[in-house]
Amino acid sequence: MTAAATTSVLGLTAALIWGAADFSGGIAAKYLRVYWLLVLSHASSLAVLLVLTVLMHQARPDAYILGWGLLSGLAGGIALLTFFACVIHFTRVKRFILLGLIIIMVQIVFWSQRAWNRSIKNLRKQIADME
């Protein structure tokens with residue numbers, strides 16, 4: 001399969017999965033608490049990912065990549081829980097203020113991570129130059 005065909009198939013598959021998940025989540029939200037629904041959806045996503053990894057004979061990622069993947073999934077879950085808690089408990093103005101603070105915190109974490117990576121890269125270069 002060509003790269004263009006692979007891209008098209010993956011894009012259409014992603015759209016189909018997103019649509020099905022959105023519909024299923026809407027139906028499930030009528031019967032389950034939102035918090036349990038989020039836990040269930042994240043756990044099932046992790047299970048599907050692990051099964052696909054085994055079935056496709058993919059190499060196991062190193063601990064660094066795996067750690068960042070788990071951390072990003074956890075951050076996404078916390079962000080959704082925070083969003084739904086804000087919708088339930090706060091007025092619209094307070095939600096926008098809280099959203100602004102969260103956006104600022106995410107930017108701080110992102111840019112500090114970039115600075116950390118840059119400093120590690122410089123440190124490795126200095127060690128290589130010493131040898």
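## Packing of α2 and α3

The crossing of α2 over α3 is right-handed. This comes from a predicted model. Two packed helices are described by the angle between their axes and the distance between the axes. Here helix α2, residues 34–55, packs with α3 at an angle of about 165°, and the two axes lie 10 Å apart. The angle therefore makes α2 roughly antiparallel to α3, since angles over 145 degrees are placed in that class.

## Nonpolar surface patch

A nonpolar patch on the surface is formed by Tyr64, Ile65, Trp68, Leu71, Leu74 and Ile78. Together these residues have about 620 Å² of accessible area.

One of the patch residues, Ile78, is found in helix α3, which covers residues 63–89. Ile78 has 48% relative accessibility and so counts as partly exposed, because that class lies between the buried limit of 20% and the exposed limit of 50%.

## Gly76 and Phe84

Helix α3 also holds Gly76 and Phe84. Gly76 has a relative accessible area of 28%, so Gly76 is partly exposed. Phe84 is at 26% relative accessibility and therefore counts as partly exposed.

## Separations along the chain and in space

Gly76 and Asn122 are 46 residues apart in sequence. From C-alpha to C-alpha, Gly76 and Asn122 are 31 Å apart in space.

For Phe84 and Lys125, the separation along the chain is 41 residues. The C-alpha atoms of Phe84 and Lys125 are separated by 45 Å.

Methods. Residues are numbered from 1 along each chain as its sequence is written. This is a predicted model: local features need pLDDT of at least 70, side-chain atom pairs count only at pLDDT 80 or more; totals for chains, interfaces and linings use all residues. Side-chain values use heavy atoms; hydrogens and water are left out. Patches are made of residues with over 30% relative accessible area and no salt bridge: like charges are joined within 9 Å, nonpolar side chains (Val, Leu, Ile, Met, Phe, Trp, Tyr) within 5 Å. Accessible areas come from the Shrake-Rupley method with a 1.4 Å probe; for residues, only the protein chains shown count as cover. A salt bridge is a side-chain nitrogen of Lys or Arg within 4 Å of a carboxyl oxygen of Asp or Glu. Helices (H or I, at least four residues) and strands (E, at least two) are DSSP runs, numbered from the N terminus. Buried means under 20% relative accessible area, exposed over 50%, partly exposed in between (1.4 Å probe, protein chains only). Axes are lines fitted to C-alpha atoms, for helices over the stretch in contact, and angles run from 0 to 180 degrees between N-to-C directions. Angles under 35 degrees count as roughly parallel, over 145 as roughly antiparallel, 65 to 115 as roughly perpendicular and the rest as oblique. A crossing is left-handed if the near helix is turned anticlockwise from the far one by less than a right angle, and right-handed if clockwise.
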